[in-house]
Amino acid sequence: MTFMAWLQSLLGVVEFVLHGRGIAATVINDRPVFVIGHPRTGTTHMYNLLSLNTTDFANTTTFMVGFPQSFVWFEKYRGILGNNILSKKRPMDNMALDWESPQEDELATNVLSGGLSPYMCISMLRGADQFYDYFDFQNPTVAEVRNNFGKLACGWVNSACRFMS
């Protein structure tokens with residue numbers, strides 16, 4: 001177990017105790033908007049544009065996806081981390097990066113699902129082929145695992161994000 005996994009788990013327990021009921025009771029839109037596309041097709045730009053509309057949309061930030069189990073309560077202590085641990089730009093597309101930058105939630109989903117996510121192959125390029133089964137909805141065992149963990153992870157992040165707004 002890595003230090004970050006241990007820290008995330010510990011911070012997540014505090015979040016659950018302080019805000020678990022509120023997050024679980026938060027109603028999210030039953031017609032969510034998903035921005036889906038291949039890399040370099042404008043999905044980040046579209047997500048950034050949607051994030052400007054804070055009335056109709058709740059979006060995740062870099063801090064939220066980096067600390068998906070604890071961002072509601074840990075946000076006020078974010079200064080402890082400082083900006084020195086972040087690059088000024090995202091390595092994959094050279095977009096500006098800071099704790100407040102809108103950020104797609106696939107990293108949070110990957111962290112919360114324990115790596116049972118199609119996005120894991122992006123993180124683990126050398127072993128990407130072992131995660132391709134998560135794209136196959138024909139295999140009921142894999143599809144069931146992926147859907148259950150994916151729904152749980154995505155639902156929690158979205159509920160917590162909406163809870164904060």
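**View 1. Val35 sits in the loop that runs between helix H1 (3-25) and helix H2 (43-51).** Helices here are DSSP runs of H or I with at least four residues, numbered from the N terminus. This is a predicted model, in which local features need pLDDT of at least 70, side-chain atom pairs count only at pLDDT 80 or more, and totals for chains, interfaces and linings use all residues. Residues are numbered from 1 along each chain as its sequence is written, and side-chain values use heavy atoms, with hydrogens and water left out. With a relative accessible area of 33%, Val35 is partly exposed (between buried, under 20%, and exposed, over 50%; 1.4 Å probe, protein chains only).

**View 2. Here is H1 with its kink of about 75 degrees, centred on His19.** The bend is the angle between axes fitted to the seven residues ending at a residue and the seven starting there. Buried residues of H1 are Gln8, Leu11, Gly12, Glu15, Gly20 and Ile23.

View 3. An α-helix has 3.6 residues a turn, so residues three or four places apart point the same way.

View 4. Along the sequence, the pattern reads α-α-α-α-α-α-α. Of the 165 residues in the protein, 34% are buried.

How values were computed
Helix = DSSP H or I, 4+ residues; strand = E, 2+ residues; numbered from the N terminus.
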